[in-house]
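Here's a quick walk through one protein model, written for someone who likes to know the cut-offs. Have a look at the sequence and the fold before reading on.

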Amino acid sequence: MAGKEYLTGCFVGSHFVDTRDALAVEDKFRLKALASVSVATPDVAERALSLAASYQPTAGYRRAEILRRVRDRLAARREAFRDLLVAEAGFPLRDAEGEVARAIETLALSAEEAKRIGGEVVPFDGAPGGAGRMGFTMRVPVGVVVAITPFNAPLNTVCHKIGPAFAAGNAVILKPSEKTPLVANLLASLFAEAGCPPGGLAVLHGGPPVAEALLADQRPGFYAFTGSTAAGASIHAKAGLRRTQMELGSIAGTIIMADADLDMAIPKCVGASFRKAGQVCTSIQMLLVERSVYDEVRERYVDGVGRLVAGDPAEAGTDVGPMISVAAAERVEGMLGGETVLTGGAREGAVLSPTVIERPADDSRALTEEIFGPVACLVPIEDLEEAISRINGTLYGLATGLFTSDIDTAFAAARRLRVGGVHINETSSSRVDLMPYGGVKASGFGHEGPKYAVREMSEERLITFSGLSG
Ligand code: NAD
């Protein structure tokens with residue numbers, strides 16, 4: 001992006017369209033204007049909706065080809081995407097590179113799924129009323145999928161929505177976060193280059209009112225959302241009988257048992273609390289450590305966190321960059337009460353230094369509300385029982401990590417933790433893009449992971465045959 005020629009229009013009909021309403025996008029570390037993006041007006045939204053509603057998908061192998069071409073183009077321009085993520089989202093170089101690499105993989109996985117959308121033969125003669133009949137199921141697109149996405153994974157989350165939705169034969173209208181619209185446009189330009197038909201993808205910019213207009217229209221059949229629990233609840237209510245995928249908030253926990261391999265566990269936990277300045281829904285908010293190893297873990301973990309470098313995300317040595325805004329950093333700062341701060345706690349602009357607090361009160365904001373910032377709470381626990389009750393006691397249920405060398409402990413946790421994913425000898429933040437990924441309770445429902453999302457973003461239709469001779 002040497003000349004800083006950002007794509008700033010809404011993407012409709014394979015073209016970028018300017019409108020009269022503008023949205024300012026700033027560099028999240030330098031706090032300077034980057035670009036002004038066009039907000040979708042009602043006529044632009046109507047054009048996107050009517051193109052999407054009349055979209056006819058091409059064959060699965062052609063959709064796979066288009067997704068593979070997008071993937072190849074993204075791989076060829078990875079530095080441009082990385083640099084844009086550094087500026088627009090404030091991600092340190094390493095986090096930005098990681099996000100681009102994962103988005104490349106997510107598109108590759110989506111391309112593969114486009115070729116294997118099948119159904120099953122129904123064994124009708126297994127029940128008396130079915131004798132002499134035959135039948136099979138097939139999966140058909142839901143039609144128009146609306147994707148509403150957050151700022152904290154502005155490329156890979158977008159690929160997790162667009163990739164499977166397009167693979168399944170749907171038209172997609174993306175409403176990306178108003179805080180990170182530029183990277184969505186750069187991705188959309190690759191879809192145009194890759195031969196995506198004009199109705200296949202639209203990107204409409206703006207805040208909640210643009211999403212609400214897309215909810216009020218009856219043409220979309222599916223809403224794929226990642227973001228806060230409050231916004232998800234509102235979107236789900238407005239979707240009515242239309243289906244939704246809800247990837248929402250979390251208070252993610254990771255447990256270190258006394259029998260764990262601490263040399264493996266501690267570095268993984270340091271890494272998993274502060275990526276993207278802790279603005280990751282599975283970022284470790286509660287680190288629960290069995291009492292007999294608590295002092296050792298505290299010392300080594302706090303030492304590791306204390307070595308993380310906070311500051312300019314464009315510099316190679318930076319581990320922790322700014323939060324998405326000064327207001328977001330102030331919000332997190334305001335959540336810290338009278339807890340013991342073991343390291344960090346200082347704020348400069350949008351950069352909050354990596355912070356570890358010890359034993360917050362059970363009813364403190366730090367243990368009862370999603371922090372979504374570079375703060376981890378270190379809490380000693382008596383046993384697995386206490387860890388399970390602390391995790392199950394939150395409103396949320398996204399993912400939990402557990403470090404142990406005991407298989408019974410691992411199975412007990414797997415059976416009893418009420419979360420979408422339990423990762424043994426990994427942190428709550430562990431994710432490979434092919435796996436089913438989703439939460440329960442206030443963390444939502446439905447699954448990302450292209451194989452699983454393709455199922456959700458398509459409808460199962462049954463075809464039966466009777467009266468066949470022979
Ligand atoms: P957000 O909910 O403020 O915004 C997300 C998107 O929803 C944006 O595009 C926004 O414009 C839109 N939006 C906001 N309010 C809306 C409303 N009332 N109606 C319709 N659309 C609305 O979230 P954010 O601040 O961008 O992201 C942070 C949140 O996302 C955190 O709570 C985090 O846990 C969650 N998140 C969850 C996952 C997951 O997989 N479970 C992943 C990433 C982020």
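## Ground rules

This is a predicted model, so to speak of local features takes a pLDDT of at least 70, and side-chain atom pairs count only at pLDDT 80 or more, while totals for chains, interfaces and linings use all residues. Residues are numbered from 1 along each chain as its sequence is written, and side-chain values use heavy atoms, with hydrogens and water left out.

How many residues of domain 1 are in contact with domain 2? With contact meaning heavy atoms within 4.5 Å, 25 residues of domain 1 touch 25 residues of domain 2. About 2000 Å² is buried between domain 1 and domain 2, and carbon and sulfur atoms give 56% of that. Buried area here is the accessible area (1.4 Å probe) that two parts lose on being put together, summed over both.

## Cavities and a pocket

The search runs on a 1 Å grid over the protein atoms alone: a cavity is a set of points where a 1.4 Å probe fits but cannot get out, a pocket is an open set with protein on both sides within 12 Å along at least five of seven lines, and lining residues have an atom within 4 Å of a point. Points are joined across faces, edges and corners, and a volume is the space filled by probe spheres set on them. For residue classes, Ala, Val, Leu, Ile, Met, Phe, Trp, Tyr, Cys and Pro are nonpolar, Asp, Glu, Lys and Arg are charged, and the others, Gly among them, are polar.

Across the whole structure, 4 cavities of 30 Å³ or more turn up. The largest cavity holds about 80 Å³, and of its 14 lining residues, Gly-278, Val-280, Ser-283, Gln-285 and Phe-372 lie nearest its centre. Its lining has 8 nonpolar, 5 polar and 1 charged residues. The second largest cavity comes in at about 40 Å³, with 7 nonpolar, 5 polar and no charged residues around it. Its lining includes Ile-251 and Thr-394. The second largest pocket, at about 150 Å³, also counts Ile-251 and Thr-394 among its lining residues; by class that lining has 4 nonpolar, 3 polar and 2 charged residues.

## Strands

Strands are DSSP runs (E, at least two residues), numbered from the N terminus, and two of them pair if DSSP finds at least two bridges between them. An open sheet of 3 strands runs in the order β5-β6-β24 with antiparallel pairing.

Elsewhere, β3 (residues 22-26) and β4 (residues 33-38) run antiparallel, joined by 5 bridges. Leu-23 has Val-37 of β4 as its bridge partner. In the hairpin of these strands, with 6 residues between them, Leu-31 takes a positive phi near 55°.

Key: Helix = DSSP H or I, 4+ residues; strand = E, 2+ residues; numbered from the N terminus.
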